[in-house]
Each structure stands twice: as C-alpha cells, then as structure tokens.
There are 2 protein chains.
Amino acid sequence: MPDYSAPLRDMKFVLNELLDSGSHYQSLNNCEELSPDLLDAIIDSGAKFAENIAFPINRSGDEQGCSFKDGKVTIPDGYKEAFKRWGEGGWQALSIPTKDGGQGLPGSTGICVGEMVGSCNWSFSMYTGLASAPITCLMNGGDEEQKKTFLPKLLSGEWAGTMCLTESHCGSDVGLLRSKATPNADGSYTLSGTKIFISGGEHEMTENIIHAVLARVEGAPAGTKGISLFIAPKYLINDDGSPGEFNNITCGAIEKKMGLKASATCVMNYDGAKAYLLGEENRGLDIMFKLMNTARLGTALQGLAMGEASFQGALTYAKERLQMRSLTGPKNPDGAADPIIVHPDVRRMLMTQKAFTEGSRAFIYWLAQLVDKTKYGTEEEVKQADDLLGLLTPIAKAFCTEIAQEVTYLGIQVFGGHGYIAQHGMEQLARDNRISTVYEGTTGIQSLDLIGRKVMGSGGQLLRNFTKIIYKFCEAEKDNDAMAEFIQPLSELNKEWGEITIKIGEAAMENADEIGAASVDFTFYSGYVSFAYMWAQMALLAQQKIAAGEGDADFYQAKLATARFYFQRLLPRTKAHIAAMQSGSDNLMALSEDAFSF
Amino acid sequence: MPDYSAPLRDMKFVLNELLDSGSHYQSLNNCEELSPDLLDAIIDSGAKFAENIAFPINRSGDEQGCSFKDGKVTIPDGYKEAFKRWGEGGWQALSIPTKDGGQGLPGSTGICVGEMVGSCNWSFSMYTGLASAPITCLMNGGDEEQKKTFLPKLLSGEWAGTMCLTESHCGSDVGLLRSKATPNADGSYTLSGTKIFISGGEHEMTENIIHAVLARVEGAPAGTKGISLFIAPKYLINDDGSPGEFNNITCGAIEKKMGLKASATCVMNYDGAKAYLLGEENRGLDIMFKLMNTARLGTALQGLAMGEASFQGALTYAKERLQMRSLTGPKNPDGAADPIIVHPDVRRMLMTQKAFTEGSRAFIYWLAQLVDKTKYGTEEEVKQADDLLGLLTPIAKAFCTEIAQEVTYLGIQVFGGHGYIAQHGMEQLARDNRISTVYEGTTGIQSLDLIGRKVMGSGGQLLRNFTKIIYKFCEAEKDNDAMAEFIQPLSELNKEWGEITIKIGEAAMENADEIGAASVDFTFYSGYVSFAYMWAQMALLAQQKIAAGEGDADFYQAKLATARFYFQRLLPRTKAHIAAMQSGSDNLMALSEDAFSF
C-alpha cells in the first residue's frame with residue numbers, strides 16, 4: 001500500500017473543533033479525566049502503532065496470505081508480534097470500563113485509533129475487532145465468574161476471540177441457524193454444528209481463542225426466538241486460569257477470498273465442544289444486538305479508513321506523476337509534462353475522495369460520541385442518543401462503506417494502469433474494502449433496518465428527531481448570507497426527506513414490497529443528506545475560524561472549498577435517488593422469476 | 001466463475017430483430033453471402049468454443065496465474081491448447097478480409113463471438129485480442145512483403161502478437177515515449193527501449209510472437225509527431241518463413257495484478273532488436289489510431305461480457321438461495337425460507353445488471369454494424385458511420401466499462417459473503433473487469449476525446465448528427481401513446497444534451513478547464529441518453545412483436561419491463577450528472593496542490 005501518514009490535523013479538527021470533545025468528555029459520567037491533551041496523546045500514540053507496526057506487515061500479509069494444513073492455520077509473518085504489542089500497549093482494553101478491567105476511556109477514543117490502524121492494515125484490524133466480540137458479549141451477558149475467567153486475558157491480548165454466527169445456509173436470515181447446544185449436568189452445554197466465515201477462527205497467534213457462538217438449545221422455539229449465546233474456548237480453562245484441555249473445536253478449511261488475505265476466514269466445526277451460556281437461554285440475540293451496533297459502526301469505519309489510505313495514495317501519485325499539459329497552459333514548464341493534479345478530472349476524483357472521506361470522519365466520530373452518551377450520559381441523554389443511533393447507525397454502515405467503494409475505485413483510477421498492479425497497493429485497498437458493504441449486514445439489510453424497522457417502525461419519529469436537529473441548524477443560519485449556498489439546499493432536502501418518507505409509508509400500506517423497493521435508494525438519500533448536514537456544520541465552523549483570524553487559514557479555506565464541492569458535485573445525486581424511490585415497486589416486481597433470462 | 005450459457009436468444013434478438021442484420025449484411029459490399037442462417041451457425045459454434053474450451057480454464061487460470069523465472073514466462077495450463085484450437089477453428093481470421101487471407105466476414109460477427117468467449121475467460125481474450133493487434137497494424141500499414149511474411153501465421157494462430165506502447169513514464173501521454181529505432185543499411189531498424197504493461201509479451205504458447213512497437217526514429221520531432229510503428233518478431237523469420245534467430249527481445253518481469261491473472265503482463269526489453277517499419281516514419285500513430293478504435297470497442301465489449309457473466313451468476317444464485325420471507329407473504333411456503341429473488345432490493349440489483357448488460361449488447365452490436373459500414377459501405381455510408389463512431393466509440397468504451405463495474409459489484413452483492421470468496425467466481429469477475437475502465441484509454445481520456453476532440457472539435461456537428469437521429473425517432477413515435485413513457489423523457493434529454501453542450505462550449509471560451517471539469521459527467525450523461533435511445537427502440541420493437549402475436553410474448557414482455565426499469569430507475573441519474581456539469585470548474589480548481597491535505 002501507499003505510504004500512510006495519520007491525518008492528525010483533520011482528526012483533531014473533527015474532535016476538538018467540530019465536536020468539541022473536551023466539553024463532551026467533561027459532560028460524561030466518569031470520563032472527566034479525559035482532557036483534550038490526553039486525547040491528543042492517545043491519538044499520537046495510536047498513530048505510531050498504526051504507522052510503525054500495522055503498516056509494515058500489510059502488503060506482505062496480502063502477498064503471503066494465510067494457509068491451512070492438517071487443521072492448522074498459519075497466518076502471515078509479523079501478525080503474532082503485532083497482536084502481542086497491541087495487547088501490551090493496552091489498546092484492546094482502551095474503551096472497556098474500569099469495572100471490567102479496562103482503561104475506562106469512552107469508545108470514541110478507540111474509534112480514532114481504529115481508523116488509523118485500519119487505514120494501515122484492515123486484516124490486522126479483523127483480529128483486534130473480533131477479539132473484542134467475546135469481550136462485548138461477556139460484558140453484556142456474562143456473570144461475574146465468566147467475566148473473571150475470560151475478560152482479563154482477552155483484554156491483555158493474550159487470548160484472541162471470534163464471533164460465530166453464520167452457517168452455510170444462514171447468513172442474513174439468522175433465524176435459520178441450526179447449531180445445537182445440549183445442557184450438561186454441571187450447567188455447561190455441549191455444542192455441535194458448523195459455522196462458516198469465522199474471522200480468526202483458528203491460528204496460533206495466541207495461546208487461546210475464545211469463541212462467542214450462537215446456537216439453539218435443544219427444544220428451543222424455531223426462528224430467532226430460540227437462539228442462545230455461548231462462550232466456547234478453544235482450550236478449556238484450568239482452575240489456575242491457564243488454558244488446558246483441547247475443546248474439540250476444529251477448523252475444517254479456510255476461505256480463499258478477494259482480499260483481507262492476512263485475515264484467516266475459517267470453517268469451524270463444533271464437535272461436542274464445551275460451552276457456557278451467556279445470559280438466559282433463547283435470549284442470545286438481545287446480547288448480540290448490542291455487539292452488532294458497535295460492529296456496524298466499526299464497519300463504517302472500515303470505509304473511512306480504507307478511503308483515507310486510498311486518498312493519500314492517489315494524492316501523492318497525482319502530484320508526482322507527469323502526464324500531459326494543463327489545457328490552460330503548462331504548469332510545470334521545466335518538466336516533460338505537468339503533474340496530473342493540474343487536470344480538472346483528476347481533481348474531480350481527488351475531491352470526491354476527500355469529500356467522502358472527511359465527511360465520513362465527521363459523521364462517524366459524531367456517532368461515536370453518541371455511543372459514549374448511551375454509556376456515560378444522563379438518562380435523557382441516553383434516550384436521545386439511543387434514538388439517534390438507531391436511525392444513524394444503519395446509514396453510517398451502509399453509506400460509508402458504499403461510498404468507500406467509489407473512493408477506492410477512484411484511487412485505482414487516478415493511478416491508471418499502475419493502480420491495477422500490486423506494487424502500489426491501490427488494488428489491495430479496493431479488494432480489502434470490497435467486503436465492507438457485505439459483512440455485518442449487507443447494504444440491503446441495513447436499508448431494511450433503516451426504513452422498515454427504524455423509520456416506519458417508529459411511525460417516523462426517529463427520522464423526525466434528526467430532521468428537527470437539521471431544521472434548527474438551518475433556522476439558526478437562515479440570515480447568514482455566507483452560508484446560504486449550504487443552508488438552502490440542506491433545508492430543502494431535509495424537508496423532502498420527510499415528505500418522501502410519508503409517501504413511501506402510504507404506498508407501503510397498500511403493498512409491503514414498497515418498503516424494499518425504496519430501501520437502498522432511501523439509504524443513499526439519507527446518507528447524502530446526513531453528510532450535507534456534517535459538511536454544512538464544517539463550512540460554518542471554517543467561516544468562523546477564518547473570520548476570527550486565528551491562523552491556519554489555508555486549512556479552513558480548504559474545508560470550505562471541500563464543502564462547496566460536496567454540495568455542488570455530490571449532493572445532487574439525491575435527485576437520482578428520489579426519482580428511483582418515487583418510481584415504486586412495479587418496475588422491480590413485474591418480471592416472473594423465469595423471465596429474467598431466456 | 002459461475003456456469004455460463006451463451007445468451008443466444010438475446011443476441012439473436014439484437015442482431016436479427018433490432019438491427020436487422022440480414023439486410024445489413026446484404027447492403028454491404030462483398031458480404032452478401034452472410035445470411036442470417038450462416039450468422040446463427042457462426043454464433044452457435046462460437047458459443048460452443050466459449051462454453052467448452054474457454055470457460056473450463058478460467059477459474060484454474062486465475063488460481064494458477066502466470067510465473068516468471070530466468071526470463072521465461074509460464075502461462076496456466078490449457079491456454080496453449082485453447083489458443084491452438086482458436087487458430088485452427090479459424091476464429092482469429094474470422095473478420096479479416098479475404099484479400100489479406102481471412103474469412104472475409106464483417107467485424108460485427110467477431111463481436112458476438114468475442115462477447116461469449118470474453119464472458120467465459122477474459123484472460124484468454126487478451127491473448128486473442130493482442131494477437132490481432134499486429135494483424136490490424138499490418139493490414140493498415142504493412143507492405144505486401146510484410147503482410148506475406150507475418151499475416152498467414154498470425155491468422156492461423158501459429159504465432160501470437162502484442163501491442164507495445166506504454167513506457168514507465170508514458171501512459172496516457174504517448175508523446176513522451178522514448179524507445180529508439182536506428183535505421184540499418186538494409187532498410188530495417190534496430191530497436192532499443194523498455195516497454196511495460198505488455199499483455200502476452202512473452203510466453204511459449206506459440207512458436208513466435210510478433211510485436212507491434214511504437215518508437216522514435218533517431219532525430220524525429222518531439223512529441224506525437226515523431227512516433228513510428230514497427231513490427232519486431234521474437235524470432236527473426238527465415239527465408240522459408242519459419243522462425244529463426246532470437247531477436248534480443250526479452251521479458252524482464254511480469255506484473256502481479258488485481259485480476260486477469262492468466263494473462264501475462266510483461267516488461268519487455270528491446271536490446272538491439274531488429275524491426276521493420278510499417279508505413280512511413282513519424283506516422284505511426286495514424287496506423288495505431290485505426291487499431292485503437294477497434295480496441296476501444298473491444299474493451300467496451302469486456303464490460304458487456306463480464307457483466308453478462310456476473311448477471312448469470314447472480315440470477316442463478318438468487319433463484320436458489322433461500323433467505324427470509326417475502327414481506328408480502330411466503331412464496332416458497334414448503335421451504336425454510338423464500339428464494340432471495342422475491343425481495344425487491346435483490347430484484348433491483350438483478351434488473352440493474354440486466355438493463356445495463358442488454359443495453360450494452362444493443363449499443364455495442366449497433367456500433368459494430370457501423371464499423372462494418374466504414375469498411376464495406378458506400379462512400380456516403382462510410383462518412384456517416386465514421387462520424388457516428390467518432391462520437392459513440394468513446395461513449396461505448398467509457399460508459400460500458402464504467403457501468404460494468406457496477407454490474408460486477410452487484411454480482412458480488414447478490415451473493416453476500418459468498419460473493420467475496422473465490423469459490424463462486426463472482427469476485428474474479430470484478431477483479432478481471434476492474435482494468436476495463438483503465439486500459440485502452442481511461443474513462444478520463446475517453447471523456448476528453450468525446451467532449452473536447454469530437455464534440456467541441458466538430459463545432460457540435462458530430463453530436464448533432466446523433467441527436468437528429470434520436471429526434472427523428474421521437475418524432476415518428478410522438479403520437480404513439482404506448483411509447484409516451486419512453487419518448488417523452490428521451491426527447492427531453494436529447495434536447496438538454498445539445499443545450500448543455502452549448503453552455504459548456506461557451507464557458508470553455510473563457511476557461512479551457514471547463515472542458516475537463518465537465519468531461520466525465522458529460523460522458524455518463526451521453527451514455528445514459530444513448531442507452532435510452534437503444535432501450536426505447538427495443539421497447540417499440542417489443543410492443544410491435546407483442547401486438548403481432550407471433551409468439552415469444554414472455555420474452556418481449558420482459559424486454560418491455562426492462563426498458564421501463566431502465567427509464568424509471570437508471571435514466572434519472574442524468575439529473576445528477578447535469579447538475580455536476582453545470583457546477584463548473586471552480587469547485588475543482590479552487591484548492592492549491594498543497595491544500596488537498598494537511
């Protein structure tokens with residue numbers, strides 16, 4: 001991959017200036033110690049981990065890949081050491097409450113570190129991200145004994161973890177899962193079944209692997225109401241807490257994938273493995289859903305992270321690569337040609353990358369603050385933040401990963417033929433990023449959650465909560481001429497967002513397929529409007545900073561120009577999505593299954 | 001990759017019904033013998049080659065890849081035999097005039113075969129496509145002696161070929177090339193230089209490889225006016241026509257690429273190689289450009305071919321994969337869940353694939369007929385077809401490959417996680433297809449050619465030629481109520497196309513960057529309108545066929561429904577492109593190079 005340099009200036013702009021994280025942390029219970037200086041120190045330290053430890057093994061990890069032989073999975077060189085340093089550095093425990101043995105920092109701090117490490121090596125992030133799955137499950141569903149047994153070594157990085165949900169016949173439709181759990185006399189269960197697509201399911205990176213497994217207790221109700229959540233360690237735990245007897249959890253194969261080749265994706269066989277129930281029987285999904293919100297935001301972050309890496313690569317190349325002259329006259333008259341960044345269309349590609357990436361950063365970091373509020377806020381703040389996140393999390397997951405496909409696509413395009421070869425790393429970014437619109441719920445699944453469960457399911461209330469916030473922002477700036485170019489379109493789209501929702505809701509009363517027919521276009525529309533709100537806020541802040549004359553004017557001018565680009569060149573795509581939504585379901589449902597091809 | 005079955009019904013619909021190829025071939029000089037029956041026989045035979053010979057080595061070729069050791073390139077198993085059968089089957093000579101030793105069939109017949117073989121194995125198509133490069137160069141610039149020496153064995157597939165243009169510092173900007181040619185006393189030249197990205201540059205598939213090489217004769221003018229075209233064989237030719245002495249053309253390395261792994265992409269070193277000038281010194285690009293038009297249409301075909309393969313895979317999966325229930329009630333009550341094709345959003349993805357793929361087929365096949373006319377038509381037909389192709393070729397190359405990225409993207413998305421793993425072949429299609437928007441001129445380069453050279457360069461005439469055709473079509477159907485849903489939007493967009501062109505032209509008088517700033521959005525807009533014209537024609541034909549009641553009503557109803565989907569769900573994207581174009585160049589040029597990141 002291209003060289004990476006943590007975008008500290010922009011991260012700090014978002015955190016300290018746009019989101020005023022100083023006041024944010026002051027307002028949270030138990031987080032008052034997190035000063036802006038401490039946050040800066042964490043970010044700087046995270047940047048070093050990303051640049052010096054995660055980055056150097058990214059390209060080699062892609063080339064070497066994982067291998068499988070006789071049940072044993074070998075992961076690429078350097079990952080074991082990097083994971084050890086991740087644990088030793090305290091990163092795995094960063095955002096875990098102190099009562100559970102963590103460092104007690106709010107999750108938003110981990111998001112910043114996650115972005116940087118993810119930009120450098122998303123395969124590595126798969127191991128750290130999945131290790132946090134059993135941690136979250138234990139925190140939300142484990143009893144004190146279970147927490148004591150498993151949490152410390154998961155938090156120290158001595159043990160890794162997985163989340164075992166998917167089965168070959170059961171992906172989006174979790175209710176179909178068949179893995180079985182039989183109760184034992186000692187209160188434990190015996191697990192049997194096969195799970196697929198298990199990231200980090202098997203490796204020898206850590207002395208133990210703790211699997212969080214969804215399964216059905218014998219006799220449980222069919223569908224999603226009969227699913228329980230278990231913890232099953234690769235090695236059973238001795239009384240002294242050390243790994244003991246092998247627990248009959250074996251890897252049957254690893255997948256050959258498009259990307260993320262350093263991350264082992266395993267078929268896992270549970271063949272009478274001992275497992276421990278988390279929480280109550282048949283209530284596994286309740287615990288899982290708490291993990292899923294975090295996982296969805298973490299996947300949105302993948303879009304941001306890989307988009308940033310691709311943007312950095314493309315920008316560097318566009319300044320160096322000499323090819324043709326500017327149509328307005330030579331800009332590099334002593335060279336054989338001008339750097340390609342002089343060409344308007346190359347700039348269109350770079351600006352698209354920049355606007356999407358910086359917009360994603362602002363949006364995701366804001367959501368991470370809302371997550372903080374759900375954990376450390378007042379009762380009213382928890383409710384408000386929960387409601388907003390219910391609406392905005394599927395938008396973030398779907399939209400940030402979808403636009404990141406465009407960003408990594410453009411990264412290759414700026415490089416031309418050099419983008420297609422492995423040498424520059426641009427194609428690896430596109431391959432590694434391709435999964436982000438699929439796992440943790442596809443774009444289609446997120447969109448059904450958004451429009452069906454969240455918007456229609458709340459009678460529009462969750463949406464109105466947000467459109468009111470945007471409305472108030474627009475009202476406050478309505479007499480600010482300098483902001484008119486942003487406020488006017490934002491205000492109109494915000495109104496239209498509510499109107500189209502009502503129309504779809506009415507149509508859905510007649511025909512339930514209208515929801516699905518509008519769903520993905522509704523998500524894109526929602527994403528563009530949400531980003532417009534973020535960009536309008538950034539434009540306002542930039543104008544204020546420029547007016548205040550406190551320095552850094554180039555940075556704020558660039559922000560303003562990028563906001564303008566976003567509003568003029570990207571936001572009009574809402575027009576296409578509105579038209580598609582308004583066209584209804586007939587044009588999708590007209591064909592019989594057999595008439596799709598002849 | 002997924003199973004492939006040649007889409008014969010749709011191909012024959014386009015050829016025999018939409019484009020009336022029977023009359024088309026009758027109207028061409030020297031092509032009267034090509035009856036619809038003969039064309040059908042050629043297509044059926046090509047389908048067999050594609051399905052039985054090219055298809056079986058596609059996945060294995062991707063897995064095995066090419067390797068390089070001690071200057072020797074090893075290509076995957078089966079390619080040598082497949083190439084031999086390609087030659088023996090007469091496919092390489094299909095569309096070559098009889099006077100040059102070919103079968104004398106118009107190029108449009110080769111396009112159909114190219115689509116099917118390309119759907120099955122685009123890496124294989126790289127070898128056949130590149131072998132045709134020196135053939136085309138020789139036909140357009142070779143003397144009788146040169147043709148006699150090289151053409152027969154190239155046409156028989158005994159020898160392969162390449163096109164050597166790119167150098168490491170010189171891609172889109174061909175004027176920068178440095179490879180040198182020094183004249184020898186015997187009329188030949190001595191070549192030196194290094195070329196990169198040479199597909200099929202070295203292998204042992206054939207007994208000789210004939211390179212078409214662009215180089216600069218010593219003392220030639222700088223830039224594009226000093227470039228000459230040469231033929232340089234890997235082995236010099238003995239008097240009896242057999243390959244003799246090694247010609248000092250060596251492969252220095254092969255590229256590790258995102259896709260097309262069975263196609264060897266070589267760094268080629270010319271170290272005092274003997275070469276033969278084609279045509280006149282410094283006029284090499286004139287010959288090259290004739291090849292380039294063919295190559296651009298051939299690359300548009302890649303988009304169609306791989307899109308079709310991805311659509312077939314996704315459609316099969318969507319009918320088989322059971323996941324969740326239809327929101328309108330169970331459609332497969334006896335199964336554990338409904339097939340995912342019942343879900344509106346899965347249908348949105350499939351319909352998008354279908355509409356883009358079938359639209360591409362109609363558009364590209366039509367352009368192939370226009371190419372026929374430039375070769376076998378009357379003087380007036382040649383002029384008209386040449387003018388239309390000047391406008392439509394860059395649209396086809398850029399638009400058909402760009403939308404194919406979306407099609408192969410959606411193919412993965414329909415498969416969910418199963419699309420990301422190699423097993424089902426969907427990710428290979430996306431990887432193999434990713435280069436299509438890059439090589440043979442990127443989308444940016446095509447767009448500059450379209451709006452700059454073709455539209456503005458002709459004072460708008462080339463565009464008006466086409467908008468007049470569309471206008472006449474719309475006028476003829478203006479009272480046809482059944483066609484109103486298509487004619488009205490097409491007519492409006494056709495008018496808007498001219499208006500936006502005038503606006504951009506006026507703005508460009510003030511600022512040359514306005515051309516580049518509008519270029520790619522102009523291409524997309526043009527592509528959507530061109531496809532709307534094709535879909536409107538197909539809708540009209542389908543309505544006529546249904547009214548005539550001659551059978552196959554399901555096929556025509558599906559055509560009509562797909563046209564409706566295209567107009568309602570995809571064509572509105574023109575709104576976003578218009579807005580982007582109208583926003584001008586300021587939002588792209590505002591930032592200084594240093595202000596793209598801080």
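At what angle do helix α16 (residues 484-510) of chain B and helix α19 (residues 573-582) of chain B pack, and how far apart are their axes? The angle is about 15 degrees and the axes lie 11 Å apart. Axes here are lines fitted to C-alpha atoms, for helices over the stretch in contact, with angles running from 0 to 180 degrees between N-to-C directions. The model is a predicted one, in which local features need pLDDT of at least 70, side-chain atom pairs count only at pLDDT 80 or more, and totals for chains, interfaces and linings use all residues. Residues are numbered from 1 along each chain as its sequence is written, while chains are lettered from A and ligands numbered from 1 in the order in which they are written.

Chain A contains 20 helices and eleven strands, these being DSSP runs numbered from the N terminus (helices: H or I, at least four residues; strands: E, at least two). Its radius of gyration is 24 Å, close to the 25 Å that the globule rule gives for 598 residues, so chain A is as compact as a globular protein of that length. The radius is taken over C-alpha atoms, and the rule is 2.2 Å times the number of residues to the power 0.38. The C-alpha trace of chain A spans about 80 × 65 × 60 Å along its principal axes.

Chain A is superposed on chain B by a rotation of 180 degrees with 0.0 Å of shift along the axis, at an RMSD of 0.0 Å. The two copies are thus related as by a two-fold rotation axis. Superposition is by least squares on the C-alpha atoms of residues with pLDDT of at least 70 in both copies.

At the interface, 83 residues of chain A are in contact with 83 residues of chain B, contact requiring C-beta atoms, placed from the backbone, to lie within 7 Å. On the side of chain A that touches chain B, helix α18 (residues 553-570) of chain A gives the most, with eight residues. That side divides into 40 nonpolar, 22 polar and 21 charged residues; Ala, Val, Leu, Ile, Met, Phe, Trp, Tyr, Cys and Pro count as nonpolar, Asp, Glu, Lys and Arg as charged, and the others, Gly among them, as polar. The copies meet through the same surface, because 100% of the interface residues of chain A are also interface residues in chain B.

Within chain B, the axes of helix α17 (residues 513-548) and helix α18 (residues 553-570) come within 9 Å and cross at roughly 150 degrees. α17(B) and α18(B) are therefore roughly antiparallel to each other (angles under 35 degrees count as roughly parallel, over 145 as roughly antiparallel, 65 to 115 as roughly perpendicular and the rest as oblique). The contact of α17(B) with α18(B) has 13 nonpolar, two polar and two charged residues. Trp535(B) and Met538(B) are among the α17(B) residues that take part, and α18(B) contributes residues including Tyr556(B) and Leu560(B).

Helix α9 (residues 284-320) of chain B packs with helix α11 (residues 379-415) of chain B at about 25 degrees, their axes being 8 Å apart. This makes α9(B) roughly parallel to α11(B). Their contact comprises 17 nonpolar, eleven polar and two charged residues.

Conventions
Contact = placed C-beta atoms within 7 Å.
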